[in-house]
Amino acid sequence: MIIGLQAGLILLAGFISAAAIFFLWYAQRKIVVAHRTLKESEDRWEDAKRSIDTERREASLKLKDEMYRKRKEFELELKRERLELDRLQNKLTSKYEHIEARENKLDEQRRELQQKEREMLRIEDSLRANEAKLKKLYDELISKLEQVSNMSKDEAKKALSETIEAEVNLSSQKWIQKVEEDTRQKAKQKSTDIIVSAMQRYAADQVTPHSSGVVHLPSDDMKGRIIGKEGRNIKALEMATGMEFVIGDSADITVSGFNPIRREVARRTLERLIADGRINPSRIEETVELCEKEIEEAIEEYGKEAVLEFNLQSVHPEIVTLLGKLNFRTSFSQNVLQHCKEVAIFSRLVAEDLGLDGSIALRAGLLHDIGKAVSAEVEGPHAQIGAEIAKRCGEDPVIVNAIAAHHEDEAPNSVYAWIVIIADTISASRPGARRETLSTYIKRLEKLEEIAAAFEGVKKAYALQAGRELRIIVEEDTMGDDQSLDLARNVARKIEQEMSFPGQIKVNVIREKRAIEYAR
């Protein structure tokens with residue numbers, strides 16, 4: 001038992017020793033692990049400390065950079081503020097100087113005003129003194145007049161009143177006479193207008209084609225474009241063509257004027273502008289020039305057609321052109337080219353019935369009125385003008401004499417001249433062929449233009465509004481405004497001296513300076 005107890009004790013002691021050894025090993029192991037952990041913690045602490053130091057240094061650098069940037073921005077802002085303050089200071093200084101200058105000027109003006117007031121006071125005193133002297137002289141003059149005239153002041157007033165009353169009565173009688181005369185003239189003019197209007201309504205289908213042209217407008221907007229801003233386009237049209245453009249409420253524009261060639265140019269110009277759509281003063285002038293060229297070509301065609309119709313040979317080109325122009329001329333409302341053709345036919349018929357050469361009579365009849373194509377530009381009777389042209393163009397002397405003698409301005413020296421006179425009378429006197437009133441009207445308009453064109457410095461002259469207005473375009477470089485006024489006055493006086501006309505005629509002188517340049 002004791003042995004067993006000893007063995008147990010030994011075993012227990014062995015166990016305890018083993019346990020102690022294990023505990024010591026475990027404790028040593030824990031110490032090693034703890035030491036390793038502590039070292040790792042120290043390393044991490046060092047790393048963390050180094051990281052914190054690094055971050056602190058970086059943060060410090062960033063803070064310094066930010067402070068430097070903020071300081072720079074602040075300095076720039078401060079500099080701008082200082083510049084703005086300097087500018088405002090300069091502006092205030094300038095305003096102050098300006099105000100000071102104005103105050104000085106006002107002080108100077110105030111001193112001048114005070115000086116002028118003192119001068120005015122002196123002048124007023126002088127005027128009062130002069131007024132007193134004048135009153136004294138007036139009283140002395142009245143006294144002397146009473147002594148000289150043996151009349152008192154009241155008696156002189158009464159005599160003067162009687163004289164003035166007599167003059168007023170005479171003036172009133174003259175005024176009443178003038179009013180009565182004006183009333184008679186207006187009544188005569190009104191009655192003439194009524195009669196002429198009735199005649200025109202009766203013969204509108206014959207007169208209207210020779211005195212006006214109508215152009216249809218596609219829209220009301222086109223009407224405004226033709227008129228232009230402040231009427232510049234319609235004025236340019238009238239000045240370039242010499243025609244009057246009547247724009248009414250309807251969608252039509254009436255081109256009115258006595259010169260048929262210019263009227264046809266104006267009508268074609270207006271139609272082309274409407275079709276083109278571009279309407280301005282420069283375009284208007286270009287279109288007018290183009291239409292004038294077209295009319296010239298049409299004149300040549302009409303002349304050639306007339307020559308070919310009668311199979312004439314060896315006709316001078318100038319005569320062909322003049323025949324073409326006659327298509328746009330009227331005489332007593334009769335188309336002159338048509339009239340010449342009728343005279344040619346009648347002359348040939350009469351000559352052939354008499355057993356004479358019909359071709360000579362036909363040629364003389366066709367050419368008898370060629371002078372009318374240039375009668376507006378050349379002074380003299382159209383028969384003499386036509387004869388001179390025919391002679392210059394190499395026509396036979398018999399034909400030249402027939403042309404010159406068809407109004408008996410020259411004695412007929414052949415039977416063909418008498419035949420042309422007879423044929424001309426037949427063509428003119430047939431029913432409905434002519435009307436005297438239209439020819440007289442056209443001659444009056446042509447006379448107006450001739451009177452204006454005779455003055456120096458006149459570029460163009462147009463008779464408008466049925467002869468109630470004479471529009472004159474002068475040379476702007478050679479004639480000033482004062483000379484334009486004198487020209488209008490002189491033309492009006494000459495019209496009064498040389499013409500008889502109803503109502504009044506407005507003489508409108510236009511002086512316009514244009515500057516034109518081209519950009520290339």
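Of the contacts in the chain with a separation of 6 or more, 58% are between residues 24 or more positions apart. The model is a predicted one. The chain holds 15 helices and 8 strands, and buried residues make up 30% of its 520 residues.

**The three-stranded sheet**

Strands β6, β7 and β8 form an open sheet in that order, with mixed pairing. The edges are taken by β6 (458-464) and β8 (506-510); each has a single partner strand, so one side of each is left without a neighbour in the sheet. From one strand to the next the twist averages 15°. Helix α15 (residues 481-498) packs on the sheet and touches β6, β7 and β8. The direction of α15 makes about 150° with that of β8.

How do the strands pair? β6 and β7 are antiparallel and share 6 bridges, whereas β7 (residues 469-474) and β8 run parallel and are joined by 5 bridges. Some of the bridge partners are listed here.

| Residue | Bridge partner | Strand of the partner |
|---|---|---|
| A461 | I472 | β7 |
| L470 | V507 | β8 |
| E469 | K506 | β8 |

Is β7 enclosed or open to the outside? For β7, 6 of the 6 residues are buried, so this strand is largely enclosed by the rest of the structure. In a regular strand the side chains alternate between the two faces of the sheet. In β7, one side carries E469, R471 and I473 and the other carries L470, I472 and V474, and these residues are all buried.

**Helix α4 and its neighbours**

The buried residues of α4 (residues 220-227) are M222, K223 and I226. Viewed down the axis of α4, these buried residues fall within an arc of 105°, so they line one face of the helix. An α-helix has 3.6 residues a turn, so residues three or four places apart point the same way. The exposed residues D220 and D221 sit on the face of α4 turned away from its buried side.

Which elements does the buried side of α4 pack against? The partners of its buried residues are α5, β2 (244-247), β3 (252-256) and α6 (260-276). Two packed helices are described by the angle between their axes and the distance between the axes. For α4 and α5 (residues 232-241), the angle is about 65° and the axes are 4 Å apart. On the α4 side the contact is made by R225, I226 and I227, and on the α5 side by R232, N233, I234 and L237. These residues divide into 4 nonpolar, 1 polar and 2 charged. Just after α4, G228 takes a positive phi of about 80°.

Helix α8 (residues 317-326) has 7 buried residues out of 10, so it is largely enclosed by the rest of the structure. The buried ones are I319, V320, T321, L322, L323, G324 and L326. They pack against α7 (281-309), β5 (334-335), α9 (336-353), α10 (358-367) and α11 (382-392).

In soluble globular proteins, nonpolar side chains tend to be buried together. The largest nonpolar core of this model has 36 residues, of which L312, L323, L326, L366, L367, I370 and I389 touch the most other members. The elements that give two or more residues to this core are α7, α8, α9, α10, α11, α12 (397-405) and α13 (415-429). Among them, α12 gives the most, with 6 residues. Apart from this core lies another, of 24 residues, including V215, I253, I284 and C291.

Which residues does L312 touch? Leaving aside residues up to four places away in sequence, L312 touches V307, L362, R363 and L366.

**A residue in a loop**

E408 lies in the loop between α12 and α13. Is E408 buried or exposed? Its relative accessible area is 56%, which is over the 50% needed, so E408 is exposed. Not counting residues up to four places away in sequence, E408 touches W418 and I421. E408 and A383 are 25 residues apart along the chain, and their C-alpha atoms are separated by 8.9 Å.

Notes: Residues numbered from 1 in each chain as written. Predicted model: local features only at pLDDT ≥ 70, side-chain atom pairs only at ≥ 80, totals over all residues. Heavy atoms only, no water. Buried < 20%, exposed > 50% of the residue type's maximum accessible area, 1.4 Å probe, protein only. Contact = heavy atoms within 4.5 Å. Axes fitted to C-alpha atoms, helices over the stretch in contact; angles between N-to-C directions. Nonpolar A, V, L, I, M, F, W, Y, C, P; charged D, E, K, R; others polar. Core = buried A, V, L, I, M, F, W, Y, C linked by side-chain atoms within 4.5 Å. Pairing = 2+ DSSP bridges. Arc of directions from axis to C-beta.
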